[in-house]
Amino acid sequence: AGYDWPQYEHGIYIDDKDDVWLGGGGEKDAHVLKFTRGGKFVMQIGRSNQSKGNADTNNLHRPADAWVHPKTNEVFVADGYGNRRVAVFDADTGKFKRMWGAFANKPTDDDSCAVRSRKEFPDGPGPDQFNVVHALRVSNDGMVYVADRENRRVQSFTLDGKFVKQVYRYNAPFARNLALSPDP
C-alpha cells in the first residue's frame, strides 16, 4: 500500500545508506521507488502512467537506473527509455533539482528506442540527443558518467550537468552498462 509497483522492473541500486532504489521499464512506469533494505517503503518519485515528457519535473518515463551521490544526497536517474534525460532529485524528499540531455542540451520528447546503424550517425560528435539513457554512475570526484546505449557512447558531466567529454564506439554495441573501479 502507498506506492505503485512497476509494470516492468528495471534497474536496482543499493545506496550508501542501504536504501534500495527500483525503476521500471514498462510503458506506464513513470516513477522510481525507494525502500529500506528490509523492504519497508520509503518514497516514490513520480506516479504510474503520469509522464508528460521530458519537461515534466514530477514524473519520469521508463527510468532504467538510479545512483545516489552521498556528498550531495542527490539521486541521479537515467530517465532513458521513454525520456531522453538525466533527472536529479533530493534523495530524502524526492524534490526535483535539475535535468539535462546529451551534451547538456535540453532533452527532446522523441520517445524512441530505435537501434541505429553506423551509417545513420552524422559526422562529428554524434546525435545531439540521448537515445536510451540506460545507466549512470557518479564517481567519488563528482563526475557523472552516462551510458547512452543506442548512440553507443558514454558521456561525462559535472554534477550540475555541464558536458565534459565523451567516448563512443559506433562500430559495435557499446554503453549498455557502467561500472566504476573501487581502486582509488
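This is a predicted model: local features need pLDDT of at least 70, side-chain atom pairs count only at pLDDT 80 or more; totals for chains, interfaces and linings use all residues.

Trainee: In what sense does strand 6 pair with strand 7?

Mentor: Strand 6 (residues 74-79) pairs with strand 7 in the antiparallel sense, over 6 bridges. A hairpin of 5 residues joins the two strands. Within this pairing, D79 stands opposite R85 of strand 7.

Trainee: And over how many bridges do strand 7 and strand 8 pair?

Mentor: Strand 8 (residues 96-100) pairs with strand 7 over 4 bridges, again in the antiparallel sense. Here F89 stands opposite F96 in strand 8.

Trainee: Which residue in the turn between strand 7 and strand 8 has a positive phi?

Mentor: G94 does, with a phi of about 80 degrees. The turn belongs to a hairpin with 5 residues between the two strands.

Trainee: Changing topic, how many aromatic pairs are there in the whole structure?

Mentor: A search of the whole structure gives 12 aromatic pairs. In one of them, W5 and F35 have ring centres 6.1 Å apart and planes at 50 degrees, so the pair is tilted. This pair links distant parts of the chain, with W5 in the segment before strand 1 (9-14) and F35 in strand 3 (residues 31-36), 30 residues apart.

Trainee: Is F35 buried or exposed?

Mentor: F35 is buried, because its relative accessibility is 8% and the cut-off for buried is under 20%. W5 is partly exposed, at 45%.

Trainee: What about the rings of F157 and F163, how are they arranged?

Mentor: Their centres are 5.9 Å apart and their planes lie at 70 degrees, so that pair is edge-to-face. F157 is buried at 0% relative accessibility, whereas F163 is partly exposed at 25%. Both belong to a cluster linked by ring pairs, together with F76, W100, F103 and F130.

Trainee: Which residues does D148 touch?

Mentor: Leaving aside residues up to four places away in sequence, D148 touches Q129, F130, N131, V132, R153 and A175. F130 is also one of the residues in the ring cluster.

How values were computed:
Residues are numbered from 1 along each chain as its sequence is written. Side-chain values use heavy atoms; hydrogens and water are left out. Contact means heavy atoms within 4.5 Å. Rings of Phe, Tyr and Trp (its six-membered ring) pair if their centres lie within 6.5 Å; planes under 30 degrees apart count as stacked, over 60 as edge-to-face and the rest as tilted. Buried means under 20% relative accessible area, exposed over 50%, partly exposed in between (1.4 Å probe, protein chains only). Two strands pair if DSSP finds at least two bridges between them.
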